[in-house]
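Student: Could you walk me through this model before I set anything up with it?
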Amino acid sequence: MSIVSWLLLGLIAGVIAKILLPGRDPGGLIGTTVIGIAGAFIGGWGSAHFLDRPITTGFYDTATWLSAIAGSLALLIAYRILFGHSRR
């Protein structure tokens, strides 16, 4: 997959992660988008190294999408824990 397809995959994975974890994020739409893109890269790396499932097969592979969404969810949760505002 090319860099452009990873960016598109990360953007969509970030939107899906935001839908699965609704609420206010400290970074807004841009921060969530960046988290989605970084989560796609981290999810792909984790899938290749820890699950022994390389994700270079294509853009429409289910494992690629699941790893990108899982990486985005993990980063979004970590971001909210580290930088989230307390509710008063």
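Tutor: What follows goes from the overall make-up of the protein to one helix pair and then to its surface.

Student: OK, what secondary structure does the protein have?
Tutor: Bearing in mind that this is a predicted model, the protein has three helices and zero strands, and its elements run α-α-α from the N terminus on.

Student: How do the axes of α1 and α3 cross?
Tutor: Helix α1, which spans residues 3-20, and helix α3, which spans residues 62-83, have axes that come within 8 Å and cross at roughly 60°, and that makes α1 oblique to α3.

Student: And is that crossing left-handed or right-handed?
Tutor: The crossing in which α1 passes α3 is right-handed.

Student: Which residues meet there?
Tutor: On the α1 side they include Trp6, Leu9, Ile12, Ile16 and Leu20, and these belong to a set that meets α3 residues, among them Trp65, Ile69, Leu73, Leu76 and Arg80. By class, the residues of this contact divide into 12 nonpolar, three polar and two charged.

Student: Switching topic, what share of the contacts links residues 24 or more positions apart?
Tutor: Counting contacts in the protein with a separation of 6 or more, 75% are between residues 24 or more positions apart.

Student: And how much of the protein is buried?
Tutor: Of the 88 residues in the protein, 35% are buried.

Student: What about the accessible surface, how much of that belongs to carbon and sulfur atoms?
Tutor: The accessible surface of the protein comes to about 5,800 Å², and carbon and sulfur atoms account for 72% of that area.

Conventions. Residues numbered from 1 in each chain as written. Predicted model: local features only at pLDDT ≥ 70, side-chain atom pairs only at ≥ 80, totals over all residues. Heavy atoms only, no water. Axes fitted to C-alpha atoms, helices over the stretch in contact; angles between N-to-C directions. Helix = DSSP H or I, 4+ residues; strand = E, 2+ residues; numbered from the N terminus. Parallel < 35°, antiparallel > 145°, perpendicular 65-115°, else oblique. Left-handed = near helix turned anticlockwise from the far one by under 90°. Contact = heavy atoms within 4.5 Å. Nonpolar A, V, L, I, M, F, W, Y, C, P; charged D, E, K, R; others polar. Buried < 20%, exposed > 50% of the residue type's maximum accessible area, 1.4 Å probe, protein only. Areas by Shrake-Rupley, 256 points an atom, 1.4 Å probe, with all protein chains shown as cover.
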